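Here are some notes to read beside the model. Please keep the sequence open and find each residue as it comes up.

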Amino acid sequence: MRSYYLIDNKIQSLEEPEVAALSKMNKSKSATLLAEQQVLVIDDSPINLIVAEKTLSKFGAKCFRAISAKEGLKVFHEEKIDLVLMDLHMPVIDGFKGTDLIRETEKFQAHPVPIMAYTTFSHDEVMEGIKKHKLDGYIGKPFTQAQVIGSIFEVLSLRQQKYKQA
């Protein structure tokens with residue numbers, strides 16, 4: 001498990017030497033796991049945005065960051081997005097309402113993308129809201145890289161199966 005710390009205004013991870021060595025050996029493989037995926041991360045915490053971007057970019061994803069649901073909606077309109085990670089607890093417009101606003105857009109209606117809850121709430125605390133607002137998955141914070149990638153792969157593969165059946 002990797003821990004992140006804010007040191008000298010930079011997010012850094014502290015890990016055991018064995019994990020670091022293994023990570024370097026597998027870097028070329030892991031850097032392509034999310035290649036060509038464009039991920040929009042919407043979170044009101046600048047630190048969470050940086051950590052998410054660093055984690056996802058290690059696996060080849062291009063990240064777009066938004067500090068609010070309103071800004072996220074704007075980025076969603078302007079960029080080609082393949083996946084949205086939505087913090088659920090934000091001021092003004094929470095993640096559930098933000099999810100609804102994205103789903104109501106013509107762009108989403110024409111080309112739906114997975115929207116995943118990305119939150120400090122436990123799954124049990126938000127399960128009802130996740131079902132009601134039809135979020136495609138859940139990533140709990142704090143997270144490990146394996147949890148993030150595993151959750152994203154699960155959602156993307158389920159989405160791919162859904163399109164093959166249609």
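1. In the protein chain, 62% of the contacts with a separation of 6 or more are between residues 24 or more positions apart; a contact means heavy atoms within 4.5 Å. This is a predicted model, in which local features need pLDDT of at least 70 and side-chain atom pairs count only at pLDDT 80 or more, while totals for chains, interfaces and linings use all residues. Residues are numbered from 1 along each chain as its sequence is written, and side-chain values use heavy atoms, with hydrogens and water left out.

2. Overall make-up. The protein chain has eight helices and seven strands. These elements are DSSP runs numbered from the N terminus: helices are H or I with at least four residues, and strands are E with at least two. Of the 166 residues in the protein chain, 40% are buried. Buried means under 20% relative accessible area, exposed means over 50%, and partly exposed is in between (1.4 Å probe, protein chains only).

3. The largest nonpolar core. A nonpolar core is a set of buried Ala, Val, Leu, Ile, Met, Phe, Trp, Tyr and Cys residues joined through side-chain atoms within 4.5 Å. The largest one has 21 residues, and those touching the most other members are Leu40, Ile42, Phe76, Val84 and Ile102. Two or more residues each come from strand 3 (38-42), strand 4 (62-66), helix 4 (69-78), strand 5 (83-86), helix 5 (95-103), strand 6 (115-119) and helix 7 (123-132). Helix 4 gives the most to this core, with three residues.

4. Which residues does Val84 touch, not counting residues up to four places away in sequence? They are Leu40, Ile42, Phe76, Ile102, Val113, Pro114, Ile115 and Met116. Another core lies apart from the largest one; it has 20 residues, among them Val39, Phe59, Leu83 and Tyr118.

5. Helix 4. The buried residues here are Ala69, Gly72, Val75 and Phe76. Seen down the axis of helix 4, they fall within an arc of 115°, so they line one face of the helix. The arc is that of the directions from the helix axis to the C-beta atoms. Lys70 and Glu78, on the other side of helix 4, are exposed. The cover over the buried residues of helix 4 includes strand 3, strand 4, strand 5, helix 5 and helix 6 (106-110).

6. Ser68. This residue is in the loop between strand 4 and helix 4. A polar atom of the Ser68 side chain lies 3.0 Å from the backbone nitrogen of Glu71. Such a polar contact is a pair of N or O atoms within 3.5 Å; within protein, one must be able to donate a hydrogen and the other to accept it, and residues adjacent in sequence count only if both atoms are side-chain atoms. Not counting residues up to four places away in sequence, Ser68 touches Ile42, Asp43 and Met90.

7. Asp87. The loop between strand 5 and helix 5 holds Asp87. Asp87 is buried, with a relative accessible area of 4%. A polar atom of the Asp87 side chain lies 3.4 Å from the backbone nitrogen of His89. Leaving aside neighbours within four places in sequence, Asp87 is in contact with Ile42, Asp43, Asp44, Gly95, Tyr118, Thr119 and Lys141.

8. Helix 5. At the start of helix 5, a side-chain oxygen of Asp94 comes to within 3.1 Å of the backbone nitrogen of Phe96. Gly95, Phe96, Gly98, Thr99, Ile102 and Arg103 are buried in helix 5. Seen down the axis of helix 5, its buried residues fall within an arc of 160°, so they line one face of the helix. They pack against strand 3, helix 4, strand 5, helix 6, strand 6 and helix 7.

9. Gln38. This residue of strand 3 is buried, with a relative accessible area of 16%. A polar atom of the Gln38 side chain lies 3.2 Å from the backbone oxygen of Lys80.
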